[in-house]
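Hello,

Here is the structure for you to look over. My notes on it follow below.

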Amino acid sequence: MLTTLNTSYTDTRAADLAWALGREPLPALAVLDLELADTKVQLRLLGASHQVLLEEERGICSETVACIAGSSTPLPLGVAKRVDDWEYEFAARVEVLSPGSFAGRAQELLALVSDHPHGLAGVFPGSPYAFTALLAQHHEGQVHWRTWHAYPQDGQLVATRTKVGVRVPAGVFAK
């Protein structure tokens with residue numbers, strides 16, 4: 001799903017992005033509700049980037065990557081931790097592209113996400129390449145999502161990957 005976000009472009013630099021786990025739902029400009037296997041996933045576009053909410057009988061997991069006022073946790077390159085009964089893995093990278101390469105990559109990503117049944121992309125006013133996009137899937141008992149945050153003025157594209165799976169209790173593999 002592709003939407004135009006009716007708001008000003010708040011997160012104007014890749015370096016302004018912060019990461020947080022466990023935040024309450026923030027006001028969203030666009031939402032896509034999904035049911036992936038037995039897991040409810042909500043992809044949320046914020047004025048300041050994205051939030052993903054995951055819910056199943058074991059509990060709730062929320063990831064926020066956005067410009068978060070007062071946040072002291074910058075966007076990490078990688079995180080692996082337990083969240084309730086889940087194993088959570090996150091990775092981020094910043095690509096710096098030339099203007100021509102940036103436009104091509106932006107068009108490719110927007111087409112991929114907007115045509116996908118589990119994708120949500122929002123374009124900010126002022127540039128067709130200022131966007132945030134999210135794509136979720138369920139694979140081998142885990143929920144995966146990828147996100148892209150585009151900063152055309154700097155030629156920067158922030159890409160993230162997240163994987164959340166059920167933690168296997170100790171002794172399950174014992175004979």
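L77 is exposed, because its relative accessibility is 70%. The classes are these: buried means under 20% relative accessible area, exposed over 50%, and partly exposed in between (1.4 Å probe, protein chains only). L77 sits in the loop between β6 (59–66) and β7 (78–83). Helices (H or I, at least four residues) and strands (E, at least two) are DSSP runs, numbered from the N terminus.

L77 still has partners. Neighbours within four places in sequence aside, it contacts F90, A91 and A92. Contact means heavy atoms within 4.5 Å.

A word on the source. This is a predicted model: local features need pLDDT of at least 70, and side-chain atom pairs count only at pLDDT 80 or more, while totals for chains, interfaces and linings use all residues. Residues are numbered from 1 along each chain as its sequence is written, and side-chain values use heavy atoms, with hydrogens and water left out.

Aromatics next. There are two aromatic pairs. The rule takes rings of Phe, Tyr and Trp (its six-membered ring) with centres within 6.5 Å; planes under 30 degrees apart are stacked, over 60 edge-to-face, and the rest tilted. W19 and Y88 make a tilted pair, at 6.3 Å centre to centre and 40 degrees between the planes. W19 lies in strand β2 (residues 18–21) and Y88 in strand β8 (residues 86–96), so this pair ties together parts 69 residues apart in sequence. W19 and Y88 are both buried.

W19 also pairs with F90, again tilted: 6.0 Å between centres, 35 degrees between planes. This pair links distant parts of the chain too, with W19 in strand β2 and F90 in strand β8, 71 residues apart. F90 is buried, as is W19. W19, Y88 and F90 form one aromatic cluster.

Now the cores. A nonpolar core is a set of buried Ala, Val, Leu, Ile, Met, Phe, Trp, Tyr and Cys residues joined through side-chain atoms within 4.5 Å. The largest has 31 residues. Which of them touch the most other members? They are L34, V41, L43, L54, Y88, F90 and W145. V41 touches L32, D33, L34, L36, V52, L53, L54 and V143, not counting residues up to four places away in sequence. Another core, of 14 residues, lies apart from the largest one; L109, V113, A121 and A159 are among its members.

L112 is found in helix α1. L112 counts as partly exposed because its relative accessibility is 43%. It touches L135 and W148, leaving out residues up to four places away in sequence. The C-alpha atoms of L112 and L135, 23 residues apart along the chain, are separated by 9.0 Å.

S114 is also in helix α1 (residues 99–114). Its side chain reaches the backbone oxygen of L110 at 2.6 Å. Beyond residues up to four places away in sequence, S114 touches M1 and L2.

Last, the cysteines. How many disulfides are there? The count is zero, where a disulfide is a pair of cysteine sulfur atoms within 2.5 Å. C61 is buried, with a relative accessible area of 1%. C67 is partly exposed, because its relative accessibility is 23%.

Best wishes

Technical notes: A polar contact is a pair of N or O atoms within 3.5 Å; within protein, one must be able to donate a hydrogen and the other to accept it, and residues adjacent in sequence count only if both atoms are side-chain atoms.
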